[in-house]
Amino acid sequence: MTTMADRDGFIWYDGELVPWREATTHVLTYTLHYGAGVFEGVRAYNTPKGTAIFRLEEHTKRLFNSAKILGMKIPFTPEQVSEAQLEVLRANKLKEAYLRPMVFYGAEGMGLRADNLKTHLIVAAWTWGAYLGADNVERGIRVKTSSYSRQHVNASLCRAKANANYLTSMLALNEALRDGYDEAVMLDPDGFIAEGSAENIFLVQDGALHTPDITSALDGITRRTVMQLASDMGIPVYQRRLTRDEMYISDEAFFTGTAAEVMPIREADNRAIGKGSRGPVTEKLQKAYHQQVKGERAEYPQWLSYVTEPAAKPKKVVA
């Protein structure tokens with residue numbers, strides 16, 4: 001079985017393309033011990049005009065914002081980091097891929113008081129299909145309300161896509177999987193719906209979309225995309241607090257995320273959502289989203305960054 005560490009190809013590591021198996025780091029790396037790092041999940045799609053990364057600039061901007069929130073200084077410019085993601089696709093000859101940029105601290109010190117830590121940046125890319133299963137794209141998934149709550153808004157700085165924030169997500173997802181569900185729904189500290197383990201959530205009620213505000217949930221780029229598509233279609237969108245029982249009696253529900261894309265929810269806590277299958281509003285938005293990311297719609301061409309000839313080789317910024 002091929003592991004994530006044992007693959008052919010290249011990973012962009014601090015400004016250089018490194019053979020995949022050689023992109024290693026020491027076991028005493030600070031981020032491994034304390035979770036102090038930030039990352040992005042990005043997708044590239046094969047379009048009629050060639051491979052393109054969807055909303056590359058927005059993902060890179062969020063990476064830098066996440067680093068700023070944690071007080072990490074990225075030693076590259078946003079333009080260099082965006083180019084690095086295109087370079088990884090070229091080097092690995094990938095037509096469609098999931099990309100993982102990550103910023104982390106090195107092994108220069110240990111303990112919470114460690115200083116003079118070096119900031120590193122990697123970009124990896126690999127082929128990754130439907131995150132929640134290809135069959136579920138039409139059928140929909142079953143979700144369980146988790147016993148684990150999303151972090152308090154002032155406890156873990158939820159606007160940052162930080163490595164440490166995903167410990168709770170991992171616990172919630174594993175709990176749901178053990179109980180025979182496909183995903184978890186997490187509540188905020190006040191008991192309102194926050195998000196999935198790695199997805200934003202939408203409910204459909206009387207033809208309108210309702211989604212939690214982002215006090216305890218990540219400001220998802222797919223979330224923003226779907227909200228824009230819905231607005232263009234004349235579908236009202238409301239951002240507000242949502243209760244667990246509202247989910248049970250909604251007409252439809254779905255998750256959004258770069259990995260999950262637009263994923264219908266057919267059942268929550270053993271209760272069928274609507275008719276217990278993908279609903280018409282979800283299907284309409286799902287179709288539009290897939291057409292958008294694959295370059296099959298004329299609208300929003302700026303959301304696609306095409307893999308073209310390489311630019312000048314990125315160099316570190318000298319402080």
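**From a helix to the rings**

Ala84 is part of helix H3, residues 78-92 (helices, H or I of at least four residues, and strands, E of at least two, are DSSP runs numbered from the N terminus). This is a predicted model, where local features need pLDDT of at least 70 and side-chain atom pairs count only at pLDDT 80 or more, while totals for chains, interfaces and linings use all residues. Residues are numbered from 1 along each chain as its sequence is written, and side-chain values use heavy atoms, with hydrogens and water left out.

Ala84 is buried, at a relative accessible area of 0% (buried means under 20%, exposed over 50%, partly exposed in between, with a 1.4 Å probe and protein chains only). Leaving aside residues up to four places away in sequence, Ala84 touches Trp12 and Val123 (contact means heavy atoms within 4.5 Å).

Now for the rings: the structure holds 13 aromatic pairs (rings of Phe, Tyr and Trp, the latter by its six-membered ring, with centres within 6.5 Å; planes under 30 degrees apart are stacked, over 60 edge-to-face, the rest tilted). One of them joins Phe54 and Tyr289 edge-to-face, 5.8 Å centre to centre with 80 degrees between the planes. Phe54 lies in strand E5 (residues 50-54) and Tyr289 in helix H8 (residues 280-293), so this pair ties together parts 235 residues apart in sequence. Phe54 is buried at 5% relative accessible area, and Tyr289 is buried at 2%. Ring pairs link Phe54 and Tyr289 with Tyr300 and Trp303 into a cluster.
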